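Hi everyone, thanks for making time this morning. Please have a look at it first.

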Amino acid sequence: MRIDDFAKEKYISLATFKKDGSKVATPVWVARDGDRLYVITDAGSGKAKRLRNSSRAQIAPCDMRGNVRGEYVDAMATLMDDLGTDRVNTLISRKYGLMARVFGLMGSVRRLVGRGEEQRVGVEITLS
């Protein structure tokens, strides 16, 4: 698959790797800017923790439940700084519109009921 194909997908499976080499895949929303793909995740998520150890990743098209519809492609994924994360939030909001805003509000509700504030972090994906 090419970057154009992934950018058209509603969800992709982002596979990151544990220190022992085992793969952990998660369905995520995806947006494109230029020759890169972008996703957003909680800074404390498992995928963010794994990406802090290694930028090795794989992506494949999938449905919202993570059922993969094609072959995984090798990629590199890196966590972004605050400015980059703001840009990713904008890209995701543009592509997913109301759905992205609703999920953003859900995070606000979590903060109001005392479940804490989870920092979000952008992930930049480059195909190998």
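**One aromatic pair, and the fold around it**

Let me start with the rings: this structure holds one aromatic pair. Rings of Phe, Tyr and Trp (for Trp, the six-membered ring) pair if their centres lie within 6.5 Å; planes under 30 degrees apart count as stacked, over 60 as edge-to-face and the rest as tilted. Here the ring centres of Trp29 and Tyr96 are 4.5 Å apart and the planes are at 10°, so this pair is stacked. The two partners link distant parts of the chain, with Trp29 in strand β2 and Tyr96 in helix α3, 67 residues apart.

A quick word on what you are looking at. This is a predicted model, where local features need pLDDT of at least 70 and side-chain atom pairs count only at pLDDT 80 or more, while totals for chains, interfaces and linings use all residues. Residues are numbered from 1 along each chain as its sequence is written, and side-chain values use heavy atoms, leaving out hydrogens and water.

In the protein chain, buried residues make up 38% of the 128 residues.

Now the fold. Helices (H or I, at least four residues) and strands (E, at least two) are DSSP runs, numbered from the N terminus. The chain has three helices and seven strands, in the pattern α-β-β-β-β-α-β-β-α-β along the sequence.

The seven strands form an open sheet with antiparallel pairing, in the order β2-β1-β5-β6-β7-β4-β3. Its edge strands are β2 and β3 (31–33), each pairing on one side only. Two strands pair if DSSP finds at least two bridges between them. β1 and β2 have seven bridges, and Ser13 stands opposite Pro27 in β2. Four bridges join β5 to β6, where Gln58 has Asp74 as its bridge partner. Then β6 and β7 pair over five bridges, with Ala75 opposite Leu127 in β7.

Take Ile125 as a case. Contact means heavy atoms within 4.5 Å. Leaving aside neighbours within four places in sequence, the contacts of Ile125 include Ile12, Leu14, Ile59 and Ala77.

Last stop: Gly70, in the loop between β5 and β6. Gly70 is partly exposed, at 38% relative accessibility. Not counting residues up to four places away in sequence, Gly70 touches Ala60 and Pro61. Gly70 and Met1 are 69 residues apart in sequence, with 8.7 Å between their C-alpha atoms.

Definitions and conventions
Buried < 20%, exposed > 50% of the residue type's maximum accessible area, 1.4 Å probe, protein only.
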